[in-house]
Each structure stands twice: as structure tokens, then as C-alpha cells.
Amino acid sequence: MSIVGGAGGVGSALAHNLLVSPMGHEVVLIGRRSEAVTCQLMDFAALEPFGHTSVVRQGGVDDFSDSDVIVIAASVPFSPEKRRVDFLRDNVEILRPYFREIARLPEGWPGYLVVVTNPVDVLCTWLFDHVRMNRRHILGYSWNDSLRLRVAVADVLKIPPRQVEAWVIGEHGDISIPLFDRVFAGGRRVQLDPDQRNAVLTVVRDWYSNWTALGLARTTVWSTATGVSRMIRGIGQMIYGGQRENHADWAASVCLRGEYGIRDVSIGFPVSLEDGAPGLAEIPLSGLERDVLQQACTAVRQRTLAIGGL
């Protein structure tokens with residue numbers, strides 16, 4: 001497994017999660033500053049007396065072809081005054097050389113690509129336009145939106161968040177769609193009253209602005225790294241076998257190919273692990289939800305076209 005941006009906050013936290021997990025991994029850290037990667041490796045070396053089955057080392061793009069999973073987490077430093085989409089131009093220049101190497105991977109390469117860098121929907125769409133990969137093997141991390149929705153729902157229902165299943169679809173940004181008609185608590189569908197729904201919607205809509213209002217140049221390290229490691233665990237179970245469930249396990253930006261009347265745009269949806277690969281979970285949407293989804297996809301496609309070629 002390769003982590004591009006392995007010395008950054010999310011990349012190093014992800015590497016740590018994989019290093020101490022019971023499932024053994026060979027983790028390759030790739031970064032623009034070799035001394036920063038060396039620093040991480042020196043820190044990880046002190047964990048060896050605790051005992052673990054994973055291996056972590058420094059590497060480069062030559063390791064892509066042998067990787068089961070490539071994680072793209074490289075980014076310009078987080079700036080609290082910016083929206084996710086405002087990072088697009090600078091992050092494109094950082095990722096362009098790595099995406100070019102991914103585009104050179106042979107057709108039929110069996111690995112998976114998990115893009116964490118924002119704006120994730122645009123970057124996944126841009127990459128999909130230029131690679132010879134199965135669309136089900138390109139996944140953009142957008143699970144945090146749904147996790148935050150679950151915390152907010154749990155708060156108004158006065159129950160533990162782990163009992164809640166709820167989803168946000170659409171753009172990982174301003175044009176997101178909380179699916180209030182598909183909220184489950186303890187396995188049972190629940191209907192929030194108007195006051196509860198408004199309280200939850202306020203939390204979800206204001207989360208990013210409240211985060212940036214703190215004025216700190218810090219991204220969501222722990223939640224993102226933990227979510228990505230859960231995705232990798234699911235992918236590993238598909239590749240190597242093991243017990244798993246086929247219902248919607250996590251949310252990711254996936255490329256639509258005709259679903260909901262939309263083609264060749266990557267957008268956030270629940271993902272089900274079926275048929276040996278992640279698949280889009282089919283969700284009945286209302287007319288309004290479909291309209292907002294179309295709006296999100298149109299915005300993603302326009303931003304992608306503005307980037308130009310790889």
C-alpha cells in the first residue's frame with residue numbers, strides 16, 4: 001500500500017492506524033520532502049518493541065504498480081479562510097505528477113485508489129477522465145459528512161452515535177444532501193420532527209464554518225485517517241477474503257455511469273461491498289434530492305473542465 005502525502009497529518013495518522021492494526025500491511029510513505037518521511041519512520045521505529053506485523057518504509061511512484069491500494073492524501077497546508085473548492089488549483093499542481101504515474105498503470109491493474117485530497121469529487125472526476133481504471137476502483141473519501149450527521153442525529157435523539165445509520169450524499173462541500181428520510185436508530189427507521197431536523201441540519205450545514213472559525217491551520221486528521229483505514233480494511237477483506245457485510249458500509253465519491261441520469265461525474269454516495277468490488281448503493285431519491293444532486297454534479301463537472309488536461 002502506498003500513501004502519497006505520507007508525512008502529512010492525515011497520511012501519517014493513517015500510516016499509524018495501519019501499523020498498529022491486527023491486519024498486517026506493507027505501507028510505503030511517499031512525500032515531496034524525504035526528510036519529513038524519514039522523521040515519521042524514525043518515530044514509527046520506536047513502536048517496534050510493542051510488536052506488530054506491519055512494515056512501513058519510504059518509497060516512490062515506482063511502488064504504485066505493486067500496491068493493492070494507493071491513498072492520495074497530499075495537499076497544500078489547510079487554510080481556515082478557504083472553502084474546500086478553493087484548494088483546487090494548488091492541489092492540482094501537487095497531484096498532477098502522481099496522477100500522471102497512475103494514468104500509466106496498465107489496464108486491468110487490480111488495485112484501488114482512495115483520494116482524500118480536496119476538493120475530492122473534482123479530483124476523482126479529473127483522474128477518472130484520464131486513467132484506464134475500473135470506476136469502482138477509484139474512491140474519494142467523503143465519509144466524514146455522514147459521520148457528522150450521525151453524531152448530530154444521536155444528539156437530538158439522546159442515543160449513542162454508534163446506534164445511528166444516516167447518510168449525506170452529493171458534493172463533499174456546499175452542495176450536500178442529508179437523507180432525512182433514511183435515518184435509522186438501533187436498526188429501525190426513525191422520523192425526526194421539524195425541530196429535530198432543523199437542529200441537525202444546522203449542525204451539518206455549519207460544521208465546516210464552525211471548524212474554520214477556530215482559525216487553526218489544522219485539517220480533520222483523526223476522523224479522516226480512521227475512516228480511510230476502515231475503508232482499507234473493507235477493501236482488504238474483498239481482496240484477501242474474510243467476514244464482511246454487503247450493506248452500505250461507508251460513503252465515498254464514486255463515478256456515476258448513468259445512475260440518476262448522470263454520467264462521468266464522481267459524487268458522494270453510500271458504498272456497498274458486493275461482487276468483489278465497491279458498488280454504488282441504490283437509494284430512492286425525492287424529486288428535490290435529485291435536483292440538488294444534479295446541481296452538485298454540474299458544479300463538479302464545470303470545475304473539472306476548468307482544470308484542463310493531465
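Mentor: A contact here means heavy atoms within 4.5 Å. The model is predicted, so local features need pLDDT of at least 70 and side-chain atom pairs count only at pLDDT 80 or more, whereas totals for chains, interfaces and linings use all residues. Residues are numbered from 1 along each chain as its sequence is written, and side-chain values use heavy atoms, with hydrogens and water left out.

Valine 71 touches Ser2, Ile3, Val4, Leu14, Val114, Val116, Val228 and Ile232, residues up to four places away in sequence not being counted. Val71 is also listed, with Ile72, Ile102, Leu113, Phe269 and Leu293, among the residues with the most contacts inside the largest nonpolar core, which has 91 residues. Such a core is a set of buried Ala, Val, Leu, Ile, Met, Phe, Trp, Tyr and Cys residues joined through side-chain atoms within 4.5 Å; buried means under 20% relative accessible area, exposed over 50%, and partly exposed in between (1.4 Å probe, protein chains only). Helix 3 (residues 88–103) supplies the largest share of this core, eight residues. Helices (H or I, at least four residues) and strands (E, at least two) are DSSP runs numbered from the N terminus.

Apart from this core lies another, of 13 residues, among them Val153, Val156, Val164 and Phe180. Residue 164 also belongs to strand 7 (164–165), and an open antiparallel sheet of three strands has the order 7-10-11. Strand 7 and strand 11 (188–189) are its edges, each with a single partner strand, so one side of each lacks a neighbour in the sheet. Two strands pair if DSSP finds at least two bridges between them; two bridges join strand 7 to strand 10 (residues 184–185), and glutamate 165 stands opposite phenylalanine 184.

An α-helix has 3.6 residues a turn, so residues three or four places apart point the same way. The expected span of a helix is 1.5 Å times one less than its number of residues; the 20 residues of helix 7 (residues 221–240) should therefore span 28 Å, which agrees with the 28 Å between its end C-alpha atoms.

Finally, the cysteines. The structure holds zero disulfides, a disulfide being a pair of cysteine sulfur atoms within 2.5 Å. Cysteine 39 is partly exposed, with a relative accessible area of 47%, whereas cysteine 255 is buried, at 5%.
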